[in-house]
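Have a look at the model first, and then we can walk through some of its details together.

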Amino acid sequence: MKVWLSQDAAARALGAEAVAAALTAEAARRGVALDLVRTGSHGMVWLEPLVEVQGPAGRLAFGPMTPADVPALFDAPAAHPRALGETLALPWMRRQTRLTFARCGMTDPLDLGAYEAAGGLAGLRRALAMPPAEVVQAVTESGLRGRGGAGFPTGIKWRTAAGASAPQKHIVCNADEGDSGTFADRMLIEGDPFCLIEGMAIAGHAVGATRGWVYLRSEYPDAIRTLARALGIARDMGLLGPRVLGHGPAFDIELRVGAGAYVCGEETSLLNSIEGRRPVVRAKPPLPAHEGLFGQPTVVNNVLTLASVPVILAEGPAFWRDFGIGRSRGTIPLQIAGNVRRGGLFEAAFGLTLGEIVDDIAGGTASGRPVKAVQVGGPLGAYFPRALFGTPFGYEEFAARGGLIGHAGIVLFDDSADMLALARFAMEFCALESCGKCTPCRIGAVRGVETLDRIARGDAAARPLLEELCETMKFGSLCALGGFTPYPVTSAMTHFPDDFARPREAAA
Amino acid sequence: MSPDDGTFDARLRGLLAEHAGRDGPLLPILQAVQAEWGHVPRAALPAIAAALNLSRAEVHGVLSFYHDFREAPAGRRVVKLCRAEACQAMGAEALGAQARARLGIGWGETTADGAITLDPVFCLGLCACGPAALVDGQPVGRLDAARLDAILAGAAP
Ligand SMILES: Cc1cc2nc3c(=O)[nH]c(=O)nc-3n(C[C@H](O)[C@H](O)[C@H](O)COP(=O)(O)O)c2cc1C
Ligand code: FES
């Protein structure tokens, strides 16, 4: 019997290991030969642990599974109370355009043969047959923009690094994924790590870099384990090493693990962290593409940016560019989280409205109560009220409504959410994680917490102070930590004024 | 607990040798030291600084920046509770209060008997199945009060 079960950390967090043990035990008890493939996750987190069994036409999905549900799977799968039907025919799967996550959930993440059979390495092969400048051109034409948050055009960044002449250049993958509500980098690394490795090798060829680095956060032990093993396999199989795929340029990747500092996701702080310096943010210029890691030209890209490159090379830039809206081209892996009925990863062309995502795809809240606010883009992103649910998912579209899409995390809150408390948390988090180099961020965030406490005590005079403080942080901070923390704060104040209009309590 | 059981210097030297010749070795060295002794003993700093040609202040400046490094060993079990927004939306703040009250410690502290360390963490990438925790490195999702009590009482995650 052929069975697939995710070993993604979210599936494990919901009991996948106990289900795996039950599958093995039940098969042994019945004398059934079990071929259990541990995969990444399809992204339907509310259905994890999701078990798939080979059916006549395709894989049949069952979930969420518990060990007690396992024996019935061996009797009459079609009549199983947790039977969901064919995996790829489920509405959540059918409605997606899985380009970056095409293989995630389908294959054993560490099976390089299966990776290739499912379309892997085609992009790298094509890239190696092209002069580097043409690879850069293809990425430029695709319209791909950085998925780490700032949305900078990837082709332009690569062209700058390619144009810099230096004996050593670097490709640095930013896998620090510190934003609450985001987990796509983790899922990709745990579920399809060769895709990231392939994307980095293409980037190395394109800009003339032979050294790659992945900076992966320590909060992701499962991803660290999987990527370390994938890198070893990639070296053994000649995907990485002195000649990529046996005939390409040299390229190898070193894994670096973070140490629990949100600001290390900021690219210059990240470079300092790798170098072993105190990871404060560097002033720009110089751009990392000119003077980055160890002072050498460096491309810093997010995991999803790099993992989107193989399909762009394999299918051509027009294929990617034809998805999306406005200046937001291709697909975006949405991560739907928080108080949500159907949470998980949903990859779609840019352009769905926030309302379609929240109400239709996610099905509203887990608590069944009304959605009060949705934070888009992590802890530095704005809180959106229902009145703005018509906003189409795109960089410029969100910016026009005082928000940002960031790393595409979408966090739902029901009507029990206290927006003043959330605004206070944003300031508290900024104060805790500030690298301390610039005053607006370091001091401003501490003042922000104090000022919000005053508002909470009913001191209406503190409100203009907070607004002024937010302006100072926005325009005076060195990086987006201090610069964007005002987004959640002011959006909460603007859209949910009732939560800030507290009756004056007895002075504390 | 003194790290100096007679083998300290030799183990540290071995560890430094393993990282010799590496670019940007300080962070991996500090991580290796913590993996070896469960914390970064102050006594290790002079040798690290000397090996990397850095001042002790520079090493300390790096060490003190990161939340992960410990000045004293953690408890026998480490429970990391997520406090970030998506988990807050599912009631993480109440769980944090419950854990602190039950253990009688604050965030980042270890119980007096050395049984449990309670660390705050800001996102584990388990945001679609929060509230989330990492219990001795094992991911836990949809944490509730009963399950948290069981974990704090010593049950496996
Ligand atoms: C405080 C802060 C945290 C950040 N965290 C991340 C992160 O975790 N991952 C990431 O890819 N980019 C993060 N960024 C953005 C990076 O600085 C940088 O723009 C990005 O890695 C560039 O890659 P991209 O062009 O592929 O998006 C952060 C920025 C700031 C200011
Ligand atoms: S916010 Fe708690 S796991 Fe992401």
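Which residues are buried in helix 9 of chain A? They are Ala184(A), Asp185(A), Arg186(A), Met187(A), Leu188(A), Ile189(A), Glu190(A) and Gly191(A). Buried here means under 20% relative accessible area, with exposed over 50% and partly exposed in between (1.4 Å probe, protein chains only). Because 8 of the 8 residues of this helix (residues 184-191) are buried, helix 9 of chain A is largely enclosed by the rest of the structure. Helices (H or I, at least four residues) and strands (E, at least two) are DSSP runs, numbered from the N terminus.

Please keep in mind that this is a predicted model, in which local features need pLDDT of at least 70, side-chain atom pairs count only at pLDDT 80 or more, and totals for chains, interfaces and linings use all residues. Residues are numbered from 1 along each chain as its sequence is written, chains are lettered from A and ligands numbered from 1 in the order in which they are written, and side-chain values use heavy atoms, with hydrogens and water left out. The predictor gives the complex an ipTM of 0.97 and a pTM of 0.97.

Now to the ligand. Ligand 1 is surrounded by 19 residues (a heavy atom within 4 Å), and the closest are Gly148(A), Asn174(A), Asn301(A), Asn302(A) and Thr305(A). The table lists polar contacts, meaning pairs of N or O atoms within 3.5 Å.

| Residue | Part of the residue | Distance to an oxygen atom of ligand 1 |
|---|---|---|
| Lys157(A) | N or O atom in the side chain | 3.0 Å |
| Glu177(A) | polar backbone atom | 3.0 Å |
| Asn302(A) | polar side-chain atom | 2.8 Å |

Taken alone, ligand 1 exposes 610 Å², and the protein buries 91% of that (Shrake-Rupley method, 1.4 Å probe). Strand 9 (298-302) and helix 20 (480-484) of chain A each give two or more residues to the shell, and the largest share, 3 residues, comes from strand 9 of chain A.

The peptide bond from Gly63(A) to Pro64(A) is cis, with omega near -10°, and Pro64(A) sits in the loop between strand 4 (59-62) and helix 3 (70-75) of chain A. Another cis bond runs from Lys284(A) to Pro285(A), with omega near -5°. Ala408(A) has a positive phi near 70° and counts as buried at 0% relative accessibility.

Key: Polar contact = N/O pair within 3.5 Å; in protein donor to acceptor, adjacent residues only side chain to side chain.
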